Amino acid sequence: MNNANHRKLIYQYGLITGSIAIAFEIMRFTLKIHYSSEGITTAVTLLILFGGVLIGCLAVKKYNSGFISLSQTLKSGTGIALVYTLMSIAYLLILVNILEPSFWETSGQIAFETAKEQDPEAMGNISYEDFKPFFIWIKYGIYPIMIGFNLFFGFIFSLVIGLVIKKSE
């Protein structure tokens, strides 16, 4: 398989995976549950990423006459995860700047209330204004965290998939 076709498949399956993830996030937004950070949400997004990496790696194997090396799998999976991540960041930017400009403020208030409920002694007399500096970093720190998290899991998923489906030439 030549490099151009391999790159095309990475983009194609990365766009499909990212589109599914954005559809899931739009569903959460329309249901007004986009502020909840339950474990099921993380599990579903990881499942979407795993499915995209798996299908993308199988497509690379199919177009390569049934052969795929571990390095091709790692390259495909990490590339799909990168495209997926860039699409997710684009959606998040649209969410926080256009769809819901008060997103970070509301998230901060929810985090403050949650912290007060979970540990009232530690939170004591702390007001929301005192709490704000501890939360505000997430407004800018979420983007590198998303990149690192998704690329790490994309790499791990493609490594596992590669060990299972590889067939050397």
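I count a residue as exposed when its relative accessible area is over 50% and as buried when it is under 20%, with partly exposed in between. I keep in mind throughout that this is a predicted model.

**Entry 1**

I found serine 65 in the loop between helix 2 and helix 3, and I looked up its phi, which is near 60 degrees, a positive value in a residue other than glycine. I noted this since most residues other than glycine have a negative phi.

I then turned to lysine 32, which sits in the loop between helix 1 and helix 2, the latter running over 39-63. Lysine 32 likewise has a positive phi, of about 60 degrees, although it is not a glycine. I class lysine 32 as exposed because its relative accessibility is 61%.

**Entry 1: overall fold and form**

I went through the secondary structure and found 7 helices and 0 strands, so that the pattern read along the sequence is α-α-α-α-α-α-α. The radius of gyration is 19 Å, well over the 15 Å that the globule rule gives for 169 residues, and I therefore describe the protein as more spread out than a compact globule. Along the principal axes, I noted that the C-alpha trace spans about 65 × 30 × 25 Å.

Of the 169 residues, 40% are buried, and the protein exposes about 9,800 Å², with carbon and sulfur atoms supplying 67% of that area. When I looked up the contacts with a separation of 6 or more, 77% of them were accounted for by residues 24 or more positions apart. I also looked up the charges: the mean positions of the 12 positive and the 11 negative ones are 24 Å apart.

**Entry 2: the nonpolar cores**

Which residues have the most contacts inside the largest nonpolar core? I found that this core has 20 residues, and that those with the most contacts inside it are Leu92, Leu95, Val96, Trp104, Phe131, Ile142 and Tyr143. At least two residues of the core come from each of helix 1 (3-30), helix 3 (70-99), helix 4 (103-118), helix 6 (128-135) and helix 7 (138-165), and the largest share, 7 residues, is that of helix 3. Taking leucine 92 and leaving aside its neighbours within four places in sequence, I found it in contact with Ile142, Tyr143 and Met146. I recorded a second, separate core of 19 residues, which includes Tyr13, Ala21, Leu49 and Ile80.

Is phenylalanine 24 buried or exposed? I record phenylalanine 24, which lies in helix 1, as buried, because its relative accessible area is 17%.

Phenylalanine 50, found in helix 2, is partly exposed, because its relative accessible area is 29%. Once residues up to four places away in sequence are set aside, I see phenylalanine 50 touching Phe157 and Ile161.

Technical notes. Residues numbered from 1 in each chain as written. Predicted model: local features only at pLDDT ≥ 70, side-chain atom pairs only at ≥ 80, totals over all residues. Heavy atoms only, no water. Helix = DSSP H or I, 4+ residues; strand = E, 2+ residues; numbered from the N terminus. Rg over C-alpha atoms; globule rule 2.2 N^0.38 Å. Buried < 20%, exposed > 50% of the residue type's maximum accessible area, 1.4 Å probe, protein only. Contact = heavy atoms within 4.5 Å. Areas by Shrake-Rupley, 256 points an atom, 1.4 Å probe, with all protein chains shown as cover. Lys, Arg positive; Asp, Glu negative; His and termini not counted. Charge placed at Lys NZ, Arg CZ, Asp CG, Glu CD. Core = buried A, V, L, I, M, F, W, Y, C linked by side-chain atoms within 4.5 Å.
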